[in-house]
Amino acid sequence: MRVFTDSRIEKAERELLAADKPRISVGLATCGISVGGDRVFEEFKRLIEEKGYDVSLKKTGCIGFCKEEPLVNVKLPGKAILVLHRVTPEDVPEILQKVESGDDSFNKVLFQIDVWDHKTVPPISYGQPYEGIKRWQEIDFFKYQEKLVLRNAGIIDPESIEEYLAVGGYRALAKALNMSPEEVIEEVKISGLRGRGGAGFPTGLKWEFTRKEKSDKKYVICNADEGDPGAYMNRNEMESDPHSLIEGMIIGAYAVGADEGIIYVRAEYPLAVERLQRAVEEAREWGFLGKNILGSDFSFDIKIVKGAGAFVCGEETALIASIEGRIGRPRPRPPFPAQRGLWGKPTNINNVETWMNIPLIILKGGEWFKQFGSESNSGTKVFSLVGKVNNVGLVEVELGTPLSRIVFDIGKGAPGGKKIKAVQTGGPSGGCIPEWLFDTPVDYVNLAKLGSIMGSGGIVVMDEDTCMVDTARYFLDFTVDESCGKCVPCREGLKRMLDILDDITKGRGKKEDISLLKELASTVKVTSLCGLGQTAPNPVITTLKYFEDEYIEHVVRKRCPAKVCVELIEYEIDEEACTGCGMCARRCPVSAITGEIGKSFSIDKDKCIKCGTCLDVCKFNAVKKVSRGLEDG
Amino acid sequence: MDFKVVDEIIDKYKDPSGRILGILEDIQDTYNYLPKEVMVYVSKKLNVPLSSLYSVATFYSFFNLEPVGEHLISVCMGTACHVKGAPELLESLKHLLGIDVNEVTDDGKFVLTTTDRKFSLSSARCFGCCSMAPVIRIDDRIYGYVKIKDLPAILKEYGWKEK
Ligand SMILES: Cc1cc2nc3c(=O)[nH]c(=O)nc-3n(C[C@H](O)[C@H](O)[C@H](O)COP(=O)(O)O)c2cc1C
Ligand code: FES
């Protein structure tokens, strides 16, 4: 096809390979920016202009190793990509000088990429590897990963459709348009792909429902509401590789017979909106969107709608209501969106990551896709590994990978040698899985067996300093806040549960509370209208199941073993360790700390508001949290 | 009040999908909250009952019905930030800014504003920077790995003075 021989693609290929001049790309997804990546980029830009260096400066997305950001890829002609970590604006002059003089002894090199498999084209050899520098796949963080969805993230420039095309982009679309819609659906069915938005519904089957509906108008929607607080893979996927989402949606629209697509993005993701907007315009210019796509008789276009901060709008019927300009309240299903969706028309909704798997499935085939993952859970999943774990970041592994591999081999355990207690998966709808069950393979089936869910892929690691009762309370506080209020069990039941948990964390709990909690949890679970209420008790049920002893400590001994529940702890200064520097007293917002410089300080417990400032500012670890409980007075 | 800007915003949204949310979002971007006169105007112009506009505005946490201060500070209260000490950050910020702890606006949303209207403080549910927890956002800038001890220095970038 003519578009694919456009000279601009060849130019992009040369740029990716830094064939003509050195290429520097700065990881500029929101995560990289939040730790100063934008300042690094600006400094590169300023100096390159000022000194007239012959270097091409690009943006790239996030390769997933968020712990090491800001990341900068440096590629000299003919050589492998060097990935430098924790780069600051102060490092920039030296990097540029070395690039300019061809000196490759860079500081802060974390790993190198000599060959990379973008999957949509044969593996690309980026250049000669350097000696004595680890290849990316030799690093524990990447060793166990399989990058299908994140195949381009952190390598290509997400603001350049040419670079996406240079690594095989939009070829799947061309292939799909030469298939019948039924054949496309069949391929997706063979792949066994299940929806990545939480429930894991088979994607091919869902498409078939929408395909079979007779209507003058159909829609496809991308659910980019990413409501789970603590999960951010969809944000990164959109910011790092927006075109593969768009390509997936175009193929899906062709398969189900839709001519209009909507990407519903949460308000908190302005950069994702910006990059998508740009990508949609580029796709239109190149003829991948609009009328008669690639010369076929299929027409389709995409628009972006911003959400406005409501977790429940991630639920598909609420999301549709929200696009229609109403408040986002779910309605009972059936009818499913495939029958009556946006503006009453058949609508196919999929999650960002679901869509992003589609180009690969079409290009390489459903059978190829099935080689990844486990039985009835094919493919990979991107997890956001966060919380009390050393290697925080986005981790894409085959479904069926054991939790221990993710948390210990990739995540490298908890910082400070602390003991990991549990992980929370699935956000407010999920549950806590204790460390002794970490050999569980992570997939839809096995997590459900433990009372949790896979959800959208958030994994929040909790260590000995995390209180499980507080965690349960935290999630209920969230769901009570986000409950739309339409059905009684969710609106009232959850609130009652929250009251009880509030009491327990404040030392006012009674023994009966625990059985009452269990009873309420099971009632809300079976009687709520939508998924929010039906799953909201999960964090309580699982913490009660695996950590009942912590509840009992709070209720019986009025003690918080993890020293988190504010009402049950006190701050103290260890006289031995205190050097009398007075820093804590200066920073205490309520002047609760007194003492003499050079001697030692102490905290007035009646005045103390337990904000934790003294603990944070003390350089000598002299401030301690204690939770005495009843027995030890 | 000059409604020309509002007309321009409304004109931008011809397609019904996402229209109401888009218009309200742009209005808030312009005025930093949703002024009542503007809501009345939009309601007439779109022929949508004022009550349904307000029910949308109060349902979604993004919208402010009261003006916010010159700089809006949001503390992420997502799960990753929660386990890494976000509640203490919020507590500490309230004290640094001298904002009364129990103040809540009429619409029940949590936004607290200093008396000189320089700063507003609110909480948010995840900015998608969970790997950098705990995270705060001031205006458009996100700060990762925030420690209580760093707060005064960060606030000073926005003209805050130690009392
Ligand atoms: C309370 C609630 C919140 C949800 N939030 C999201 C979300 O943030 N993102 C998402 O993709 N799906 C979310 N879902 C699931 C959607 O309803 C729907 O199943 C999904 O978008 C379908 O896409 P998939 O088949 O590709 O997974 C949520 C469901 C419920 C009940
Ligand atoms: S939990 Fe705070 S940014 Fe996601």
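So, strand E8 (residues 219-224) of chain A and strand E11 run parallel, and five bridges join them. Strands here are DSSP E runs of at least two residues, helices are H or I runs of at least four, and both are numbered from the N terminus. Two strands pair if DSSP finds at least two bridges between them. To put one contact on the slide: A:Tyr219 has A:Thr347 in E11(A) as its bridge partner.

Before I go on, this is a predicted model, where local features need pLDDT of at least 70 and side-chain atom pairs count only at pLDDT 80 or more, while totals for chains, interfaces and linings use all residues. Residues are numbered from 1 along each chain as its sequence is written, chains are lettered from A and ligands numbered from 1 in the order in which they are written, and side-chain values use heavy atoms, with hydrogens and water left out.

Back to E11. Buried means under 20% relative accessible area, exposed means over 50%, and partly exposed is in between, with a 1.4 Å probe and protein chains only. A:Thr347, A:Ile349 and A:Asn351 point one way from E11(A), A:Asn348 and A:Asn350 point the other way, and all are buried.

In the loop between helix H13 (316-323) and E11 of chain A you'll find A:Pro335.

Next, two open sheets in chain A. Strands of a sheet pair through backbone hydrogen bonds, either parallel or antiparallel. One open sheet has five strands in the order E2-E1-E3-E4-E5, and its pairing is mixed. At its edges sit strand E2 (56-60) and strand E5 (109-113), each pairing on one side only. On average, neighbouring strands of this sheet are turned by 25 degrees against each other, direction ignored. For those angles, axes are lines fitted to C-alpha atoms, for helices over the stretch in contact, and angles between N-to-C directions run from 0 to 180 degrees. Inside this sheet, strand E3 (residues 72-75) and strand E4 (residues 81-84) of chain A pair in the antiparallel sense over four bridges. If you want a pair to click on, A:Asn73 has A:Val83 in E4(A) as its bridge partner.

The other sheet is also open: five strands, order E15-E14-E18-E16-E17 in chain A, with mixed pairing. Strand E15 (393-398) and strand E17 (431-434) are the edge strands, and each pairs on one side only. Here the neighbouring strands are turned by 30 degrees against each other on average, direction ignored. Strand E14 (residues 380-387) of chain A runs antiparallel to E15(A), and six bridges join them. One of the residue pairs is A:Leu385 with A:Gly393, its bridge partner in E15(A).

Now the surface of chain A. Which residues make the nonpolar surface patch of about 250 Å²? They are A:Phe201, A:Leu205 and A:Phe209. Patches take residues with over 30% relative accessible area and no salt bridge, joining like charges within 9 Å and nonpolar side chains (Val, Leu, Ile, Met, Phe, Trp, Tyr) within 5 Å. A salt bridge is a side-chain nitrogen of Lys or Arg within 4 Å of a carboxyl oxygen of Asp or Glu, and areas come from the Shrake-Rupley method with a 1.4 Å probe, counting only the protein chains shown as cover for residues. A:Phe201 lies in the loop between helix H8 (181-191) and helix H9 (203-212) of chain A, and at 37% relative accessibility A:Phe201 counts as partly exposed.

Over to chain B. It has seven helices and five strands, following the pattern α-α-α-α-β-α-α-β-β-β-β-α along the sequence. Its C-alpha trace spans about 50 × 35 × 25 Å along the principal axes, and of its 163 residues, 55% count as buried.

Two backbone spots to look at there. The peptide bond from B:Ala133 to B:Pro134 is cis, with omega near -5 degrees, and B:Pro134 sits in the loop between strand E3 (119-124) and strand E4 (136-138) of chain B. B:Asn32 is not a glycine, yet has a positive phi of about 70 degrees. B:Asn32 is in the loop between helix H2 (19-31) and helix H3 (36-46) of chain B.

Last, confidence. Chain B averages a pLDDT of 90, with 94% of the residues scoring at least 70; pLDDT is the predictor's confidence in each residue, from 0 to 100. For the complex, the predictor gives an ipTM of 0.93 and a pTM of 0.95.
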